[in-house]
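Here's a quick briefing to read with the model open beside you. Have a look at the fold, then we'll go through it by topic.

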Amino acid sequence: MLRWLMAVLSHSCFVRRGGSMFYAVRTGRRTGVYRTWAECQEQVNKFPSASFKKFASEKDAWSFVRAGLPEPQQQAEPAEAFGPPTLTQETGSQREDPELNTLYYSTYKRPYEPYGQSTNEEQIAKRVKHDEVRSVCSTPTVSEDKFSYMGDFAVVYTDGCCTGNGHNRARAGIGVYWGPGHPLNTSERLPGRQTNQRAEIHAACKAIEQAKSQNIKKLIIYTDSKFTIKGITGWVDNWKTNGWRTSSGGSVINKEDFERLDNLAKDMEIQWMHIPGHAGFQGNEEADRLAREGARKQKC
């Protein structure tokens with residue numbers, strides 16, 4: 001039985017040493033999709049009945065994670081920051097940088113960690129009872145104040161949308177979702193220039209402002225905007241150093257928006273989580289709904 005299990009895991013989880021792979025943790029210390037074996041190993045090493053698998057595509061990895069999540073509160077979990085940021089010039093109609101591969105970012109940076117050695121992987125595999133066990137996942141716990149927490153971090157979902165993005169009659173809205181029926185759930189029309197990128201940034205700003213109003217110091221922000229995450233965790237520092245100029249020498253289009261987000265985030269411990277949009281995750285779907293409702297409202 002052990003030999004069979006080892007053979008299955010070796011084939012499904014640990015094939016292809018090179019290339020861009022995705023490590024999906026369905027059951028572990030933190031469920032989610034990771035970009036390196038070292039990060040995956042931290043979540044499953046010595047964890048009872050850990051469930052994890054290696055995939056060639058992000059979509060398949062997320063499907064594996066979601067298959068073990070209970071309905072309706074499907075959640076995505078973090079994978080640590082991967083590699084140094086690469087500066088690109090954003091445009092008004094660009095939703096997000098299509099080349100971004102990082103799935104999770106925090107307010108601190110970590111160097112790239114290489115794939116683990118096969119001996120370490122085999123040691124982890126021996127501790128796994130079955131690769132397809134039912135998940136007992138780390139969904140947020142709801143406290144008496146109606147906020148959801150992962151550890152001591154409050155959890156919030158943000159989203160922005162814009163109909164007719166890039167056109168004169170564009171309408172943008174922001175959505176902030178704290179939980180079912182939460183009094184701080186927000187649906188607002190975006191003030192000022194109507195673009196999708198600004199809506200995504202301002203939704204995150206709104207969530208941080210609300211957290212501060214409740215004396216929340218540690219916050220997990222789920223967003224499907226890699227542009228926002230990459231901007232606040234990597235690009236902003238370089239832009240400030242370069243006098244708010246991009247690597248090509250042009251002006252940063254969303255300077256004021258990122259300045260606001262950067263100032264709000266300074267005295268907060270924030271973990272920025274990327275979650276796939278329109279993939280059935282309840283928090284993200286609710287934030288998207290609120291953002292679309294906001295876009296239909298009149299400007300303040």
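How many bridges join strand β1 to β2? Three of them do, and the two strands run antiparallel. Keep in mind that this is a predicted model, with a mean pLDDT of 74 for the protein and 67% of its residues at 70 or more.

**The open sheet**
- The sheet has three strands in the order β2-β1-β3, paired antiparallel.
- β2 (32-34) and β3 (51-55) sit at the edges with a single partner strand each, so one side of each has no neighbour in the sheet.
- From one strand to the next, the twist averages 25°.
- If you want a pair to look up, A24 has V33 in β2 as its bridge partner.

**Helices across the sheet**
- Helix α2 (residues 37-44) lies across β1, β2 and β3, at about 10° to β1.
- Helix α3 (residues 58-67) also lies across β1, β2 and β3, running at about 5° to β1.

**The α6 and α7 pair**
- Helix α6 (residues 226-241) packs with helix α7 (residues 255-265) at about 95°, their axes 10 Å apart.
- That angle makes α6 roughly perpendicular to α7.
- Residues in the contact include F227, I232 and W239 of α6, along with F258 and L261 of α7.
- By class, the contact has six nonpolar, two polar and two charged residues.

**Where to be careful**
- Among the elements, helix α4 (residues 118-126) has the lowest mean pLDDT (38), and strand β9 (residues 186-189) has the highest (98).
- Over residues 70-138, pLDDT is below 50.
- Residues 4-18 stay under 50 too.

Terms used
Residues numbered from 1 in each chain as written. Predicted model: local features only at pLDDT ≥ 70, side-chain atom pairs only at ≥ 80, totals over all residues. Heavy atoms only, no water. pLDDT = per-residue confidence, 0-100. Helix = DSSP H or I, 4+ residues; strand = E, 2+ residues; numbered from the N terminus. Contact = heavy atoms within 4.5 Å. Axes fitted to C-alpha atoms, helices over the stretch in contact; angles between N-to-C directions. Parallel < 35°, antiparallel > 145°, perpendicular 65-115°, else oblique. Nonpolar A, V, L, I, M, F, W, Y, C, P; charged D, E, K, R; others polar. Pairing = 2+ DSSP bridges.
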